[in-house]
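Biologist: I am new to this structure and would like to go through a few of its parts with you, one question at a time. Could we begin as soon as the structure is in view?

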Amino acid sequence: MKKRIILIALLFCVIFASVKVFALEKAENADTVEAVYLKVNGRLLSDWYLKSAPLIVNDCTVVPLRSVMEYMGCKVEWSEKDASVKVEGSGFTALFKVGSDEYTLNGEKKTLPCEVKKYFEDDYAGIVYVSVRVMQDLFSAKIGYEEDKFIPSVGVCTESADYSVKVGDYFVKLGETTDELRFFCKEPSYKITGENGLKWYVYSDYYTALLAVATDGGIVCGFYTDSPYFETSDGLKYGDKINSGEKEYETQRKDGVAISKFNEKSENYLYGVMYLAEGYDNSGFFDMNYLLSQQSRLGTDILNSFRYRKGKNVLLHDENAAQSCVGHAKYMSETENLTHTGEYSSTGIQRYLYYNPGYKWTSWGENICAGAKNVFICMNGWRNSERHRKIMLSDNSFAGLGMYYDGNSKYKYTAAMLIFK
């Protein structure tokens with residue numbers, strides 16, 4: 001009896017699988033389908049808006065035509081008679097036909113990377129899909145792509161302020177794609193998911209040309225540099241004299257971009273800038289402490305950039321030191337006490353020895369801070385404090401930075417950096 005039940009169950013599974021495969025072949029012609037995120041000017045267009053998800057079909061990224069076009073402010077009409085879709089936008093009329101990889105734009109024939117399709121399976125019922133590349137023709141958009149170990153993302157940029165920066169031979173422009181970024185800057189030293197939950201390409205092989213570039217969906221949406229060779233398209237450059245009334249760190253918003261200036265108050269000059277296009281923010285998808293931990297190595301690079309210009313040796317990033325500093329930052333947050341004395345009355349080097357027992361140290365120094373929401377502001381604050389600056393430029397060999405966030409704490413953000421040899 002037991003064997004008979006198993007056989008009946010297996011037969012049911014085979015029949016069910018066959019029906020499902022048949023349905024997929026009929027609806028999708030055995031297409032290979034993958035999930036993909038769609039970002040338009042930094043905004044994630046999800047299922048609740050699109051009515052159906054964007055897809056990668058046979059290596060071609062396609063989007064639901066009506067939802068995307070209506071989001072872009074266009075009028076969309078479906079013709080059952082000839083299975084076509086008419087799209088009217090600002091200054092253009094486009095006509096798409098299901099089953100064709102050609103369409104007309106203001107009467108001119110254009111070719112798409114893949115044919116227009118209409119799906120009838122499950123959530124795709126009655127949805128016409130078209131290649132995302134059509135956005136280039138209709139809206140003069142830049143199309144980016146960002147691989148991910150979970151779900152890749154495609155970025156569409158139709159709104160971009162004309163801001164860029166040159167750092168020696170490097171060139172970065174807001175709104176360009178990561179392919180264009182690689183053309184001008186080559187491959188980065190490493191990538192992190194950092195400030196604002198964005199993907200950051202960090203170029204740190206040359207400490208005279210430190211550059212961190214923020215991207216989202218394969219679109220460049222920000223950059224930071226403190227290189228002595230930087231010059232921005234709006235005229236900011238390293239060494240610009242600042243007024244005595246200017247703060248060590250200040251941000252102004254212009255053309256939809258937050259422009260931050262990092263000043264050296266002791267010598268009254270501009271040493272760094274960060275530009276971030278507003279609206280690009282994925283921090284809500286990540287744990288804040290994960291994002292802060294990703295910035296640890298970048299903190300060491302910013303420190304080394306500063307040290308290099310002062311004729312000091314480069315420090316090696318020490319992950320054990322970073323972990324010990326995270327622990328102390330958490331302790332300060334929990335106790336709401338900005339202190340160098342940690343749990344069990346420990347010192348900075350004692351906390352490090354917990355992670356690396358037996359290390360024979362000869363000297364060490366520790367910087368702490370509260371309230372700095374990212375590594376850029378934190379490092380800038382220490383640089384503008386004579387006591388902290390002295391530790392940053394001390395004769396040592398290793399460094400590690402740790403940051404911690406607790407929205408219920410008095411400080412919200414706390415940080416510690418250990419420098420030692």
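**A residue in a strand, and the helices**

Modeller: Glu366 counts as buried, because its relative accessibility is 7% and the cut-off for a buried residue is under 20%. Please keep in mind that this is a predicted model.

Biologist: Where is Glu366 found, and which side chain joins that of Glu366 in a polar contact of 2.8 Å?

Modeller: Glu366 is found in strand E26, and among the residues that it touches, leaving aside those up to four places away in sequence, are His328, His340 and Arg351. The side chain of Glu366 makes a polar contact of 2.7 Å with the side chain of Arg351. The polar contact of 2.8 Å joins the side chain of Glu366 to that of His340.

Biologist: How many Å apart should the ends of helix H8 be, given its 17 residues?

Modeller: Helix H8 covers residues 319–335, and each residue contributes 1.5 Å. The expected span is taken over one less than the number of residues, and the end C-alpha atoms of H8 lie 24 Å apart, which agrees with the span that its 17 residues should have, namely 24 Å.

Biologist: Which residue caps the N-terminal end of H8, and which residue with a positive phi follows H8?

Modeller: At the N-terminal end, a side-chain oxygen of Asp318 lies 2.9 Å from the backbone nitrogen of Asn320, and the cap is therefore Asp318. H8 is followed by a residue with a positive phi, near 50°, and that residue is Glu336.

Biologist: Which elements are included in what covers the buried residues of H8?

Modeller: The buried residues of H8 include Ala321, Cys325, His328 and Met332. What covers the buried residues of H8 includes H7, strand E25, helix H9, strand E26, E27 and E28.

Biologist: At roughly what angle do the axes of helix H7 and helix H10 cross?

Modeller: The contact is made by residues such as Leu298, Ile302 and Phe306 of H7, together with Val375, Phe376 and Met379, among others, of H10. The residues of this contact divide into 7 nonpolar, 1 polar and 2 charged. H7 passes H10 in a right-handed crossing, and the two axes, which come within 10 Å, cross at roughly 35°.

Biologist: Is Lys412 buried, exposed or partly exposed?

Modeller: Lys412 has its place in the loop between strand E27 and strand E28, and its phi is positive, near 65°, although it is not a glycine. Because its relative accessible area is 38%, Lys412 is partly exposed.

How values were computed: Residues are numbered from 1 along each chain as its sequence is written. This is a predicted model: local features need pLDDT of at least 70, side-chain atom pairs count only at pLDDT 80 or more; totals for chains, interfaces and linings use all residues. Side-chain values use heavy atoms; hydrogens and water are left out. Helices (H or I, at least four residues) and strands (E, at least two) are DSSP runs, numbered from the N terminus. Buried means under 20% relative accessible area, exposed over 50%, partly exposed in between (1.4 Å probe, protein chains only). Axes are lines fitted to C-alpha atoms, for helices over the stretch in contact, and angles run from 0 to 180 degrees between N-to-C directions. A crossing is left-handed if the near helix is turned anticlockwise from the far one by less than a right angle, and right-handed if clockwise. Contact means heavy atoms within 4.5 Å. Ala, Val, Leu, Ile, Met, Phe, Trp, Tyr, Cys and Pro count as nonpolar, Asp, Glu, Lys and Arg as charged, and the others, Gly among them, as polar. A polar contact is a pair of N or O atoms within 3.5 Å; within protein, one must be able to donate a hydrogen and the other to accept it, and residues adjacent in sequence count only if both atoms are side-chain atoms.
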